[in-house]
Amino acid sequence: MPRRTGYTVLAALAAVVILVSTAIFVGVGGDGDDLDTGARTRGSAAPASSGSWVGTWSTSAAAAEPNTTLRGMSGMSIRNVIRTSIGGSSARIQLSNFYSARPLRITHASVALAAAPSNPTAAAGTMRRLSFSNRTWVTIPPGKAVTSDPVRLNVPDAADLLVTTYTPEASGSVTYHPHARQTSYMARGDRTEDTAGAAYTEQSPYWRYLTGVDVWSKEAQGAVAVIGDSITDGITSTAGANRRWTDFLAERLRTEPGAPRLGVLNQGISGNRVLSDGTQYPPNNPSGLSRFNRDVLSRTGVKAVVIELGVNDILRIPHQTDPNKIVAGLKRMTEQAHARGLRVVGATLTPFYGHRGYTPRLDAVREQINARIRAGKVFDEVVDFDKALRDPISPLRLRPVYDSGDHLHPSDAGYRAMARALDLDDLKGTAAATL
């Protein structure tokens, strides 16, 4: 073979190797499908090493924010502050336009580590511009969600992240989560990549548009999704202190020897019920059954499910006083999880004696549901929140130290007791074949 021909062949082979290597690098971690449209999200930041995408934080799209139908959040930078459960080497986010009848155009988005807890200032060197299918903008159709391309960012365990979006024009009702128990921030104009927090002069108790953050992890085994009501939402926990019961669970999973390495995804909505949706369409406060696929089965890397629901079916008007109907709804969620090979841990319903809605008749419904749950015919495993929180002297009420004061929702100490009551081994393994 002539020398020049040999060089040509070698060069061609080298080019093929480079192309194949590049394809592998871009393709790894490309499981970032849009949860609603199926569009692939690929980016040069997709990690090339072994690992997997895992949800580190999420929240449920709960309702359309009041008084936003006409202008939405046009001309505002929204800096959501969220707390990770586990860390990773890259990150991506999910944005939702579930409650708007109009397209949502995000022209600029970013993610960064916070310089200090609950602070809008970004830590030095951590600001990352986000893209969507390799574009720096995205239009989210009504009722849909999108996932960003990944960016390389070393995300620690239990860290505050700043996720900022900017939309320049009116986009209809804002999809939000009203009971964040966390202060987020807003600024006039496009201040998306401001590292200083000086422009973020407006504070907000809500999370807007943002419904999920995933990390690329070599260590995590997956995530546990917790679907619940205000008790899971942590409505009476200390704001800004990350003292929901799911935060204490995440701490246990990070620190206890032998604990499974799982992210924790809080899908609590205050006032949520198993069976009944809220008002409007799409419904504000969708029922556990109607949102189970969206908020649990579609979350990234979910390996186990915890269900904490049922009290509001009893307490909210119209009262559901047939325990069989509530139990049947809980069992349908368990069956949906089993169809995906997921193990389900279900919670007993906690005491509410002394609450303004208490009646002996309603409490009797709670006790009947708890008896069915404890009998082992509803869930794979049971976490007995009733036993963990009730007053041993007067078991129809919350133990005083665990009572926030309204005789329904726990205090910080009560939330910690709930997390301690869960057997971490119950989060391991696969779903039982039958109940």
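How many of the ten residues of H4 are buried? Seven of them are, so that H4 is mostly covered; here buried means under 20% relative accessible area, exposed means over 50%, and partly exposed lies in between, with a 1.4 Å probe and protein chains only. The buried residues of H4 are Gly288, Leu289, Arg291, Phe292, Asp295, Val296 and Leu297. Their cover includes strand S17 (222-228), S18, strand S19 (302-308) and H6. Helices (H or I, at least four residues) and strands (E, at least two) are DSSP runs, numbered from the N terminus.

This is a predicted model, in which local features need pLDDT of at least 70 and side-chain atom pairs count only at pLDDT 80 or more, while totals for chains, interfaces and linings use all residues. Residues are numbered from 1 along each chain as its sequence is written, and side-chain values use heavy atoms, with hydrogens and water left out.

The protein as a whole has nine helices and 21 strands. Of its 435 residues, 55% are buried. Its accessible surface comes to about 17,800 Å², and carbon and sulfur atoms hold 52% of that; the areas come from the Shrake-Rupley method with a 1.4 Å probe, and for residues only the protein chains shown count as cover. Among contacts (heavy atoms within 4.5 Å) with a separation of 6 or more, 80% are between residues 24 or more positions apart.

S2 is joined by two bridges to strand S12 (residues 175-177), and Ala64 stands opposite Thr175 in S12.

The loop between S2 and strand S3 (76-83) contains Asn67. Asn67 is not a glycine, yet its phi is positive, about 65°. With a relative accessible area of 81%, Asn67 is exposed. Asn285 also has a positive phi, of about 55°, without being a glycine. Asn285 lies in the loop between strand S18 (262-268) and helix H4 (288-297), and its relative accessible area of 15% makes it buried. Most residues other than glycine have a negative phi, and most peptide bonds are trans. A cis peptide bond, with omega about 0°, joins Ile317 and Pro318. Pro318 is in the loop between helix H5 (311-315) and helix H6 (323-339).

Where does Thr350 lie? Thr350 is in the loop between strand S20 (343-347) and helix H7 (360-374). Thr350 counts as buried because its relative accessibility is 4%. Apart from neighbours within four places in sequence, Thr350 is in contact with Ile231, Val311, Arg366, Phe385, Asp386 and Leu389.

Thr350 is also one of the residues lining the largest cavity, together with Glu308, Leu309, Val311, Ala347, Thr348, Leu349 and Phe385. A cavity is a set of points, on a 1 Å grid over the protein atoms alone, where a 1.4 Å probe fits but cannot get out, and lining residues have an atom within 4 Å of a point. The search of the whole structure finds one cavity of 30 Å³ or more, and the largest cavity has a volume of about 40 Å³.

Note on methods: Two strands pair if DSSP finds at least two bridges between them. On a 1 Å grid over the protein atoms alone, a cavity is a set of points where a 1.4 Å probe fits but cannot get out, and a pocket is an open set with protein on both sides within 12 Å along at least five of seven lines; lining residues have an atom within 4 Å of a point. Grid points are joined across faces, edges and corners, and a volume is the space filled by probe spheres set on the points.
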